[in-house]
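Subject: Structure for your files

Hello,

Here is the structure I said I would pass on. Please look it over before reading my notes.

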Amino acid sequence: MDTRANLIGSMWMIASMAAFTVEDSFIKAASATLPVGQILIIFGLGGAFVFAGLALLQKEPLAPPEVVSRPMRIRVLFEIVGRLFFILAISLTPLSSATVILQATPLVVVAGAAVVFGEKVGWRRWAAILIGLVGVVIIVQPGTESFSMLSVLAIIGMIGFAGRDLASRAAPASLGTSVLGLYGFLSVVVAGVIFAIWQGVPFVMPTAGASVFLVGAILAGVVAYSCLMKAMRTGEVSAVTPFRYVRLLFGIGFGVVFFGEQLSASMLLGSAVIVLSGLFILWRGKRAGAPS
């Protein structure tokens with residue numbers, strides 16, 4: 001990959017993170033009156049419908065043989081895990097804290113890219129990955145009175161998204177963004193059905209406000225998903241994914257402004273550790289020819 005491809009991929013990633021934060025905010029607002037399983041099902045069906053329409057407009061087959069390839073099966077599994085647990089996290093915990101924990105995703109993706117794709121990641125970036133994960137521990141504070149088991153929801157969601165991003169990289173190149181988005185959102189429907197059955201809470205008729213939130217989440221999710229797929233397929237994984245940390249800024253800002261959330265010292269410190277680790281990984285990745 002050349003520098004221009006990495007730059008374009010990074011811009012797609014920033015746009016994706018902004019749109020994902022808008023999506024998260026709408027879903028959190030909708031969760032005040034709707035069961036999480038119902039939100040997942042409606043959100044997933046809406047996004048799948050949009051991407052199916054886009055695929056048909058682009059004359060892409062909706063069910064090519066490649067959709068059952070091994071990378072796609074793995075991608076669907078991680079998508080279900082990531083979507084389910086992260087939406088539970090933003091529904092049950094502050095948006096800002098869930099978003100901050102999610103920022104460890106680039107660290108996990110870079111580590112996975114080294115293991116799965118053989119990308120060059122030397123001891124300095126491995127050290128940055130470990131330091132960044134320490135930032136997550138600082139935020140979660142296990143073993144203290146401030147620790148909440150609900151924080152684990154965001155951690156599991158983060159791992160699911162990291163696996164999805166890596167699987168997206170390995171997905172057959174013949175599959176377009178619209179088809180990937182279609183099956184990604186169908187995975188959300190599956191996650192919603194599973195959780196709705198487990199939770200056993202009856203569905204309710206959405207209010208006008210909740211309906212607006214759901215439509216907003218679907219539209220923002222389609223934009224975010226499209227930008228993310230463009231990012232992961234444009235630049236190098238190790239160069240593009242660190243830009244996911246900008247979601248932290250968007251998430252904290254939205255949490256404070258729209259949901260009145262308070263920021264703790266541990267959250268700010270952990271955020272700084274994660275962001276600095278991501279920036280260092282980005283810097284090392286851009287050093288052409290330098291051992292990383």
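Predicted model: local features only at pLDDT ≥ 70, side-chain atom pairs only at ≥ 80, totals over all residues.

Residues are numbered from 1 along each chain as its sequence is written, and side-chain values use heavy atoms, with hydrogens and water left out.

Helix packing

Helices are DSSP runs (H or I, at least four residues), numbered from the N terminus. Axes are lines fitted to C-alpha atoms over the stretch in contact, with angles from 0 to 180 degrees between N-to-C directions.

Helix α1 (residues 3-30) and helix α9 (residues 208-234) have axes that come within 7 Å and cross at roughly 160°. The two are therefore roughly antiparallel (an angle over 145 degrees). Their crossing is left-handed, that is, the near helix is turned anticlockwise from the far one by less than a right angle. The contact of α1 with α9 has 23 nonpolar, five polar and two charged residues. Here Ala, Val, Leu, Ile, Met, Phe, Trp, Tyr, Cys and Pro count as nonpolar, Asp, Glu, Lys and Arg as charged, and the others, Gly among them, as polar.

For helix α3 (residues 70-92) and helix α7 (residues 151-170), the axes come within 7 Å and cross at roughly 150°. This pair is therefore also roughly antiparallel, and α3 passes α7 in a left-handed crossing. The contact of α3 with α7 comprises 16 nonpolar, five polar and four charged residues. Of the 20 residues in α7, 14 are buried (under 20% relative accessible area, 1.4 Å probe, protein chains only).

Salt bridges

The whole structure holds five salt bridges (a side-chain nitrogen of Lys or Arg within 4 Å of a carboxyl oxygen of Asp or Glu). One of them joins Glu 23 and Arg 83, at 2.7 Å from N to O. Glu 23 is in helix α1 and Arg 83 in helix α3, 60 residues apart; both are buried.

Another links Arg 164 to Glu 79, with the closest N and O atoms 3.3 Å apart. Arg 164 lies in α7 and Glu 79 in α3, so this pair ties together parts that are 85 residues apart in sequence. Arg 164 also forms a salt bridge with Asp 165, again with closest N and O atoms 3.3 Å apart. Both Arg 164 and Asp 165 are buried. Through shared partners, salt bridges join Glu 23, Glu 79, Arg 83, Arg 164 and Asp 165 into one network.

Regards

How values were computed:
Parallel < 35°, antiparallel > 145°, perpendicular 65-115°, else oblique. Buried < 20%, exposed > 50% of the residue type's maximum accessible area, 1.4 Å probe, protein only.
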